[in-house]
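Please open the structure in your viewer and keep the selection panel at hand.

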Amino acid sequence: MSNIQITKDLASATLVVTSEFAASPERVWQLWADPRQLERWWGPESYPATVVDHDLRPGGHVSYFMTGPEGDQPKGYWHVIEVDPPNRLVLEDGFADDAGQPNDDLPVSRSEVVIEPVDRTTTRMTITSTYDTAAALEQLLAMGMEEGLRSAMGQIDALLAET
Amino acid sequence: MEAVITDERVDEVFAALADATRRDILSRAMDGDLGISELAELYPMSFAAVQKHVAVLERTGLVQKRPDGRRRVVSTDIEGLRDARVVLDHFEQLWRHRVGRMHELLDEGDLPHDNRPDQERYR
């Protein structure tokens with residue numbers, strides 16, 4: 001897996017993933033365009049994805065669920081923004097509620113996928129992902145930190161009161 | 001602080017946070033004063049289902065249960081939440097694995113292409 005470069009810009013919550021494949025752009029495009037191939041790589045190994053809808057057109061919708069070791073099935077979706085086979089795909093991906101409706105709370109990301117030939121045998125794929133609701137998770141986190149601090153202070157007060 | 005967490009841990013926390021009910025339980029657990037039965041009343045699902053969600057969060061180390069009289073109160077596990085911050089940094093790992101799996105898939109050679117509409121497969 002050495003042929004994967006990732007740069008991360010925390011300030012703008014942007015991740016750029018670059019990798020080169022010994023395959024044609026058309027073949028790499030199929031990883032995204034064929035739902036059966038997509039579900040082989042999208043979900044974490046312990047949470048394999050099953051793609052239910054796969055409408056890869058601008059304005060189209062892709063929906064999937066993942067199946068966890070306990071049988072739990074978190075749902076997710078893509079909202080397809082731009083499609084230019086086999087070179088360019090722009091999508092938003094996020095989590096969905098049990099009814100399959102987008103859950104906007106967190107985390108939604110926007111990804112731009114560019115697939116381009118390097119030479120006759122090599123294709124470069126560049127994925128630029130922006131996590132615009134990373135801030136929401138941070139906020140959740142900050143609340144937890146504050147609460148933890150408050151209860152810790154409460155415990156100190158209680159201890160001092162005992163003595 | 002350089003936190004060291006495993007890829008499995010990233011997958012686990014990521015998956016735990018991928019569910020809307022679990023995120024809601026987690027945010028309510030910040031106050032740390034709701035019992036499981038009180039939580040269960042908040043969602044249109046069975047007590048057992050809510051219990052299962054709490055169990056996932058507990059196993060992931062995001063919440064803990066403590067006895068309070070006859071109740072079992074669910075509260076946020078601060079250490080677990082620190083891991084969640086690390087998870088943010090590790091979206092990177094998610095993509096690293098995804099692209100790794102893409103390479104494995106292409107190494108298998110050409111796969112038969114399934115052109116059937118997805119609706120037909122799941123009807």
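**Before starting**

The model is predicted, and local features need pLDDT of at least 70, side-chain atom pairs count only at pLDDT 80 or more, and totals for chains, interfaces and linings use all residues. Residues are numbered from 1 along each chain as its sequence is written, while chains are lettered from A and ligands numbered from 1 in the order in which they are written.

**Stop 1: chain A as a whole**

Select chain A and colour it by secondary structure. Its secondary structure comes to three helices and nine strands. Helices (H or I, at least four residues) and strands (E, at least two) are DSSP runs, numbered from the N terminus. Along the sequence, the pattern of chain A is β-β-α-α-β-β-β-β-β-β-β-α. Chain A has 163 residues, of which 30% are buried. A residue counts as buried if 20 or more other C-beta atoms lie within 10 Å of its own, as exposed if 12 or fewer do, and as partly exposed in between; the C-beta atoms are placed from the backbone.

**Stop 2: strands S5 and S6 of chain A**

Select residues 75–84 and 88–96 of chain A, which are strands S5 and S6. These two strands run antiparallel and are joined by nine bridges. Two strands are said to pair if DSSP finds at least two bridges between them. Strands of a sheet pair through backbone hydrogen bonds, either parallel or antiparallel. As one example, A:Lys75 has A:Ala96 in S6(A) as its bridge partner.

Now select the hairpin of three residues that joins S5(A) to S6(A). A:Pro86 lies in this loop between S5 and S6 of chain A. The peptide bond from A:Pro85 to A:Pro86 is cis, with omega near -5°. Most residues other than glycine have a negative phi, and most peptide bonds are trans.

**Stop 3**

**Stop 4**

Move to chain B, where three strands form an open antiparallel sheet in the order S1-S3-S2. Which are the edge strands? They are S1 (34–35) and S2 (63–68) of chain B, each of which pairs on one side only. S1(B) pairs with S3 (residues 71–76) of chain B over two antiparallel bridges. In that pairing, B:Leu34 has B:Val74 in S3(B) as its bridge partner.

Next, select residues 20–29 of chain B: this is helix H2, which packs on the sheet, touches S1, S2 and S3 of chain B, and makes about 95° with the direction of S3(B). Such angles run from 0 to 180 degrees between N-to-C directions, with axes being lines fitted to C-alpha atoms, for helices over the stretch in contact.

**Stop 4: helix H4 of chain B**

Select residues 47–59 of chain B, helix H4, which lies across S2 and S3 of chain B at about 115° to S2(B). Which residues of H4(B) are buried? They are B:Val50, B:His53, B:Val54, B:Val56 and B:Leu57. Seen down the axis of H4(B), these buried residues fall within an arc of 155°, so they line one face of the helix. The arc is that of the directions from the helix axis to the C-beta atoms. On the other side of H4(B), B:Ala48 and B:Arg59 are exposed. After the helix comes B:Gly61, whose phi is positive, near 80°.

**Stop 5: B:Ile36**

Select B:Ile36, which belongs to helix H3 (residues 36–41) of chain B. B:Ile36 is partly exposed, because 18 other C-beta atoms lie within 10 Å. Leaving aside neighbours within four places in sequence, B:Ile36 is in contact with B:Val50, B:Gln51, B:Val54, B:Arg72 and B:Val74. Contact requires that the C-beta atoms of two residues, placed from the backbone, lie within 7 Å.

**Stop 6: the largest nonpolar core**

Finally, select A:Val28, B:Ala16, B:Leu57 and B:Val63, which touch the most other members of the largest nonpolar core, a set of 47 residues. A nonpolar core is a set of buried Ala, Val, Leu, Ile, Met, Phe, Trp, Tyr and Cys residues joined through C-beta atoms within 7 Å.
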